[in-house]
Amino acid sequence: MYPPSMIATGSVGAAICGLQLDDGDSLTDLLAKITNTDVDCLKACQEQIEAVLVNSLQQVRQQQQQSNPSKTVDELDQASTPTDVRDINL
């Protein structure tokens with residue numbers, strides 16, 4: 001549905017927002033201007049990417065808790081890659 005450039009731009013925006021390095025709107029506006037895309041489309045794409053990542057992280061945590069219930073929450077926060085990129089369908 002989205003061109004690869006939009007997915008890449010949305011991924012960068014989602015990553016920076018996830019690190020809480022920016023408030024989000026100014027970054028999205030800047031990224032949309034740089035890539036010459038519509039701000040609303042970019043926001044929608046970024047929100048979908050963030051939703052997929054949140055869902056994937058929740059699934060990983062549930063799987064880890066089921067397999068190792070003795071691990072603490074702090075240990076689960078240090079998980080490696082949450083999902084394979086091929087598992088994400090936008």
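Which backbone oxygen does the side chain of Thr9 reach? I opened the notebook with this point and looked up the rest from there.

**Entry 1: the model.** I note that this is a predicted model. The chain has 90 residues, of which 21% count as buried. I find four helices and zero strands in the secondary structure. Read from the N terminus, the order of elements is α-α-α-α.

**Entry 2: Thr9.** I located Thr9 in helix α1, which covers residues 4-18. To settle the opening point, the side chain of Thr9 reaches the backbone oxygen of Ser5, at 2.7 Å. I next asked myself: is Thr9 buried or exposed? Its relative accessible area is 8%, and the cut-off for buried is under 20%, so Thr9 is buried. Setting aside neighbours within four places in sequence, I find Thr9 in contact with Leu31, Thr35 and Leu42.

**Entry 3: Gln46.** I moved on to Gln46, which lies in helix α3, residues 39-67. Gln46 counts as buried because its relative accessibility is 6%, where buried means under 20%. I listed what Gln46 touches, not counting residues up to four places away in sequence: Gly10, Gly13, Ala14, Cys17 and Thr28.

**Entry 4: α1 against α3.** How far apart are the axes of α1 and α3? I read 8 Å, with the two helices packing at an angle of about 65°. The crossing of α1 past α3 is right-handed. From α1, I wrote down Met6, Ile7, Thr9, Gly10, Ser11, Gly13, Ala14 and Cys17 as the residues that make the contact. From α3, the contact is made by Cys41, Leu42, Cys45, Gln46, Ile49 and Glu50. Thr9 and Gln46, from the two entries above, are both on this list. I sorted the contact of α1 with α3 by class and got eight nonpolar, five polar and one charged residues.

**Entry 5: cross-check.** I compared the separate contact lists with the helix pair. Leu42, which is in contact with Thr9, is among the α3 residues of the packing contact. Gly10, Gly13, Ala14 and Cys17, which Gln46 touches, are among the α1 residues there.

Key
Residues are numbered from 1 along each chain as its sequence is written. This is a predicted model: local features need pLDDT of at least 70, side-chain atom pairs count only at pLDDT 80 or more; totals for chains, interfaces and linings use all residues. Side-chain values use heavy atoms; hydrogens and water are left out. Buried means under 20% relative accessible area, exposed over 50%, partly exposed in between (1.4 Å probe, protein chains only). A polar contact is a pair of N or O atoms within 3.5 Å; within protein, one must be able to donate a hydrogen and the other to accept it, and residues adjacent in sequence count only if both atoms are side-chain atoms. Contact means heavy atoms within 4.5 Å. Axes are lines fitted to C-alpha atoms, for helices over the stretch in contact, and angles run from 0 to 180 degrees between N-to-C directions. A crossing is left-handed if the near helix is turned anticlockwise from the far one by less than a right angle, and right-handed if clockwise. Ala, Val, Leu, Ile, Met, Phe, Trp, Tyr, Cys and Pro count as nonpolar, Asp, Glu, Lys and Arg as charged, and the others, Gly among them, as polar.
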